[in-house]
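Hi everyone, thanks for making the time today. Let me bring the model up on the screen, and then we'll walk through it together.

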Amino acid sequence: MLARRTWLLIAGAVVLFSLWDAAQPIRIFEFVRYLGDGTKIESGITCGSAFPMVFAGEFDEDVPGRSTEAECLKAARTKVAEVVALWALALTAVVVGMRYGREPPAPIDRELPALPTELRRILTGRSRDRR
């Protein structure tokens with residue numbers, strides 16, 4: 001099992017990736033066409049960012065009509081669901097790390113009470129009967 005710090009680093013990396021992914025603009029109807037002379041023509045509609053579209057209804061100026069807004073909203077809802085799922089994955093990594101992550105070994109004197117002197121002598125000393 002991994003250490004707690006490693007689980008927290010994994011969770012942090014997943015959260016950072018989800019924030020980066022949420023900040024990317026959404027493009028729909030993306031089309032790439034290559035002409036015979038090596039020219040590449042790209043076309044598509046940039047909708048904007050996912051969270052402003054879903055929660056505030058803010059679309060980019062390139063969105064031409066209501067049906068295209070509906071397609072952009074579907075793509076934005078999918079992106080928000082992906083981000084929420086990544087956050088749930090990061091939360092799971094934190095819980096697993098805190099619950100099952102291993103810690104460095106603690107000194108035995110701090111974990112267990114000291115043995116009585118008679119028992120300590122028996123367990124640590126050499127016996128005459130053993131050879």
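The protein chain has 5 helices and 2 strands, where helices (H or I, at least four residues) and strands (E, at least two) are DSSP runs numbered from the N terminus. Going along from the N terminus, the order is α-β-β-α-α-α-α.

A word on the source: this is a predicted model, with local features needing pLDDT of at least 70, side-chain atom pairs counting only at pLDDT 80 or more, and totals for chains, interfaces and linings using all residues. Residues are numbered from 1 along each chain as its sequence is written, and side-chain values use heavy atoms, with hydrogens and water left out.

Of the 131 residues in the protein chain, 20% are buried; buried means under 20% relative accessible area, exposed over 50%, and partly exposed in between (1.4 Å probe, protein chains only).

Now to H1. Which of its residues are buried? They are Trp7, Ala11, Val14, Ser18, Asp21 and Ala22. Seen down the axis of H1, these fall within an arc of 100°, so they line one face of the helix; the arc is taken from the directions from the helix axis to the C-beta atoms. As a reminder, an α-helix has 3.6 residues a turn, so residues three or four places apart point the same way.

The buried residues of H1 pack against helix H2 (50–56) and H3, with contact meaning heavy atoms within 4.5 Å. On the face turned away from that buried side, H1 carries the exposed Arg5, Leu9, Leu16 and Ala23.
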